[in-house]
Protein chains: 4
Amino acid sequence: MSVDQYKAPDWSVSQWFNTDTPISLDQLRGKVVVLHAFQMLCPGCVSHGLPQAQRLYEYFPKDDVAVIGLHTVFEHHEAMTPVSLKAFIHEYRLTFPIAVDMASDDADTPVTMSRYQMRGTPSLILIDREGILCANYFGRPQDLQIGAEVSALVHASTVRGASPVNVGSIEGCTDDGCAV
Amino acid sequence: MSVDQYKAPDWSVSQWFNTDTPISLDQLRGKVVVLHAFQMLCPGCVSHGLPQAQRLYEYFPKDDVAVIGLHTVFEHHEAMTPVSLKAFIHEYRLTFPIAVDMASDDADTPVTMSRYQMRGTPSLILIDREGILCANYFGRPQDLQIGAEVSALVHASTVRGASPVNVGSIEGCTDDGCAV
Amino acid sequence: MSVDQYKAPDWSVSQWFNTDTPISLDQLRGKVVVLHAFQMLCPGCVSHGLPQAQRLYEYFPKDDVAVIGLHTVFEHHEAMTPVSLKAFIHEYRLTFPIAVDMASDDADTPVTMSRYQMRGTPSLILIDREGILCANYFGRPQDLQIGAEVSALVHASTVRGASPVNVGSIEGCTDDGCAV
Amino acid sequence: MSVDQYKAPDWSVSQWFNTDTPISLDQLRGKVVVLHAFQMLCPGCVSHGLPQAQRLYEYFPKDDVAVIGLHTVFEHHEAMTPVSLKAFIHEYRLTFPIAVDMASDDADTPVTMSRYQMRGTPSLILIDREGILCANYFGRPQDLQIGAEVSALVHASTVRGASPVNVGSIEGCTDDGCAV
């Protein structure tokens, strides 16, 4: 069974930024959810993924679309602590809610990142109003495509041709992203 | 009555490129129509508008969305002839149907450009499946917004918040576009 | 004998823009000369070569460096006439002197382009204060390198490691340029 | 007496990366020195300053030009520790020697940053072969200018028109940089 057929699993979060109260996926039922997974030291996240997530957050009405950032640290854990992330969020003017993915007891990859079978950062996950996982992108999907797919979910709960996309073959960290 | 409430008028065309037969707006009824007006020597069209139109043409299914280019020459007429346009289309690898707007007998602004009350180039016009003019942009609307609005018309025949947008105050030709 | 060892040949010009009087290479003896060959419908020239030439013209003192544009049409001759070039120069805000390369009686490639053994457009040619051809680039040399090499010629009449560079293997017109 | 007339003061460093042994300014006498001051969470440094420094390091011969990075943390000290910097240097593929500016006992601004009267990050400082401070830029000087000025120092120990340049009026952190 492919990840696309799963009901989107809830996230497991150790800390939140840009929100006064924790946010659960259940609370967002009825809205389209854009989940953007990143690492603050992943070049492709800084140059492409996070600015795109911020644009999504600013463009779509909050009643229709919830944009959630997820800090999925799977390498250099000591270098990307919540203290550093807090300053990063401030300096890069990120205003959407951002969660710190729960560290795993027995793996480098954090809990939510594993649940969603993400291949690395940046990853962009689209969840429809009913909570079904519709797309799971790794790398650099373009604004035109993401804008169109989120809008399709807002208006019709379908995404034409959405499917996991791996932009290039990423090994380690490249300009496109960082692979697990 | 604002241009947004008009039924989209048909275009008046003197010559076509990238299509064997002329295309009328009536023929496209049932599809969302993206009409991109440009001049081949308008810097904002070359750097922004035309690449965006090409991306729209390549991303959306042809059954749902028709992308039409319109060469609306309102200045330097002698410099932007169909002969030059033909080479331009070839060198810039444009593959969507492109029409040459019919010159006016008594004005610099061509016929279709006047009918649509375009303010200059690049202009991007969105028409829904029923032929209603939904948006008339001048300048540089972003990919995220246009992707979302075209997708909204594909899935729901509505555009949330679409309205004429003038990016900056353009006089003459700037990087953003060329004003009439 | 490689082109780099040649004394730079004079150009053969049918028409000038942005100068009241024709300019010969001999007149420029004592100055470093940057000769930028382009075609107005060459995408790599429009997006990269011409803006770089304009930056060179604006940055370096006129007493030290002469920047000369050369319209070397070797394809679509009917589409890139002086009339179209004049409007192009105006719309793209080019202010340095621009020459139209003399058409050849028996070849598509114009006279000066052939003399300099240019491989296509954009080409950037560097000539030292004594009139020696020091570099002949085809494609997209970067600003850092060109700024450094022109400055070296201004201050020391030598270019470290300058040599013809072909950026990628260009066939026909690509984003990098148009090959003969 | 303006900073431009000073002999460049030595730096005070608590830790080095990308070099086995500490590097003093005296050791570099006879070479042109490019000192790039940055903070790992300064957006203008990440998008502009550091890539430019890396290009300078890769273009100019090591015998002529020494490129030195200086991590001048003056805000969010707890977020930009050497541990985080080490991962940052790895992920961003920076290969030139990078020093951590010595923290001040009584000020947020580190020691070397104060000595050089830097206004913020990114700052780019040019020192000639004799150790004279020739330019002190804050913000985003362009590649063409920096390439030309470093080349001028390599070939003639003079910089035409070099002087402190403040790109825009920067307050706090903007895309251009972070002001003290």
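Tutor: Happy to. Let's start in chain C, where Arg55(C) and Asp143(C) join their side chains in a salt bridge, 2.7 Å from N to O. The term stands for a side-chain nitrogen of Lys or Arg within 4 Å of a carboxyl oxygen of Asp or Glu. Arg55(C) belongs to helix α1 (residues 43-59) of chain C and Asp143(C) to helix α4 (residues 143-156) of chain C, so the pair links parts of the chain that are 88 residues apart. Helices here are DSSP runs of H or I with at least four residues, strands are runs of E with at least two, and both are numbered from the N terminus.

Before going further, please keep in mind that this is a predicted model, in which local features need pLDDT of at least 70 and side-chain atom pairs count only at pLDDT 80 or more, while totals for chains, interfaces and linings use all residues. Residues are numbered from 1 along each chain as its sequence is written, chains are lettered from A and ligands numbered from 1 in the order in which they are written, and side-chain values use heavy atoms, with hydrogens and water left out.

How covered are the two partners? Asp143(C) is buried at 13% relative accessibility, whereas Arg55(C) is partly exposed at 34%. Buried means under 20% relative accessible area, exposed over 50%, and partly exposed in between, with a 1.4 Å probe and protein chains only.

Asp143(A) is buried, at 11% relative accessibility, and Arg55(A) is partly exposed, at 33%.

Another salt bridge to visit is in chain D, between Arg29(D) and Asp26(D), at 3.6 Å from N to O. There Arg29(D) is partly exposed at 38%, and Asp26(D) is exposed at 54%. Over all chains, the count comes to 12 salt bridges.

As for the chain around the pair in chain A, it holds 4 helices and 8 strands, and 59% of its 180 residues are buried. Contact means heavy atoms within 4.5 Å; of the contacts in chain A with a separation of 6 or more, 74% are between residues 24 or more positions apart.
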